[in-house]
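Hi,

Here is the structure I promised to pass on to you. Have a look at it first, and then read on for what I found in it.

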Amino acid sequence: MDEDSKRILLIDDDQELGAMLGEYLESEGFRVEIVSDGVRGLARAVSGEHDAVVLDIMLPGLNGIDLLRALRESNQVPVIMLSARGDEVDKVIGLELGADDYVAKPCYPRELVARLRANLRRQQPAVAPQLATIALGGLEVQVAARKAQWQGAAVELTASEFNILLVLARAGEAVATKDEISLRGLGRARQTYDRSVDVHVSNLRQKLEAVSLGAASVETVRGVGYRLRVL
């Protein structure tokens with residue numbers, strides 16, 4: 001992956017932290033734009049000019065949660081939330097609204113870079129041409145185009161939700177374990193008490209059921225993982 005062309009929008013009102021993270025990211029080959037308030041941050045985030053957004057929750061003008069909610073109405077750019085360590089409520093809300101990942105503050109630049117790279121890699125189509133489309137009943141997963149459709153109607157998914165759908169679709173009738181989904185869908189090993197997989201699967205399930213009127217869903221296999229169900 002050529003990271004020289006990757007553009008990162010960093011939205012954080014902590015100028016000292018923002019400058020430090022921006023300098024570190026640029027030293028790693030990213031191009032960085034820093035915005036310090038929520039209103040301007042949203043305006044820049046919806047512009048479509050960035051490959052990923054790093055978003056703080058506590059912002060003047062418009063907080064990170066409301067910004068993310070507004071952003072997801074029209075844009076699926078990968079978003080990594082910055083949240084205070086231990087603030088589990090904000091993390092869960094952010095993931096439910098479509099954040100792709102989170103990093104606890106105080107933020108370690110190397111961890112942020114690793115998570116950015118993992119999220120950007122998941123944006124890259126990496127399948128053989130013969131596997132470009134997976135069809136299951138009325139559900140069609142266009143792997144190379146990173147699109148999902150139900151009987152021709154688009155299913156709007158975040159990058160993480162699409163990756164998890166892909167893992168489940170490729171598993172077919174088999175159950176995909178939470179560890180497998182975390183590793184292959186989110187790009188990281190699942191940690192103790194980590195509910196990221198459950199939150200993303202819940203969002204995916206709601207979207208599939210809404211567009212298919214319940215004909216497509218994600219079945220929970222207690223104590224094991226999840227399985228895609230298509231009638």
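Buried residues account for 48% of the 231 residues in the protein; please keep in mind that this is a predicted model. The accessible surface amounts to about 11,000 Å², and carbon and sulfur atoms hold 50% of that.

As for the fold, you will find eight helices and twelve strands. The radius of gyration is 18 Å, close to the 17 Å that the globule rule gives for 231 residues, so the protein is as compact as a globular protein of that length. If you take the contacts between residues at least 6 apart in sequence, 56% of them join residues at least 24 apart.

On charges, the protein carries 28 positive and 34 negative side chains. The centres of these two sets lie 6 Å apart.

Asp-12 has a relative accessible area of 1%, and under 20% counts as buried, so Asp-12 is buried. Its side chain reaches the backbone nitrogen of Asp-14 at 2.8 Å. What is Asp-12 in contact with, leaving aside its neighbours within four places in sequence? The answer is Leu-17, Val-35, Ser-36, Asp-56, Leu-59, Leu-82 and Lys-105.

Enjoy exploring, and write back whenever you like.

Best wishes

Terms used: Residues numbered from 1 in each chain as written. Predicted model: local features only at pLDDT ≥ 70, side-chain atom pairs only at ≥ 80, totals over all residues. Heavy atoms only, no water. Helix = DSSP H or I, 4+ residues; strand = E, 2+ residues; numbered from the N terminus. Rg over C-alpha atoms; globule rule 2.2 N^0.38 Å. Buried < 20%, exposed > 50% of the residue type's maximum accessible area, 1.4 Å probe, protein only. Contact = heavy atoms within 4.5 Å. Areas by Shrake-Rupley, 256 points an atom, 1.4 Å probe, with all protein chains shown as cover. Lys, Arg positive; Asp, Glu negative; His and termini not counted. Charge placed at Lys NZ, Arg CZ, Asp CG, Glu CD. Polar contact = N/O pair within 3.5 Å; in protein donor to acceptor, adjacent residues only side chain to side chain.
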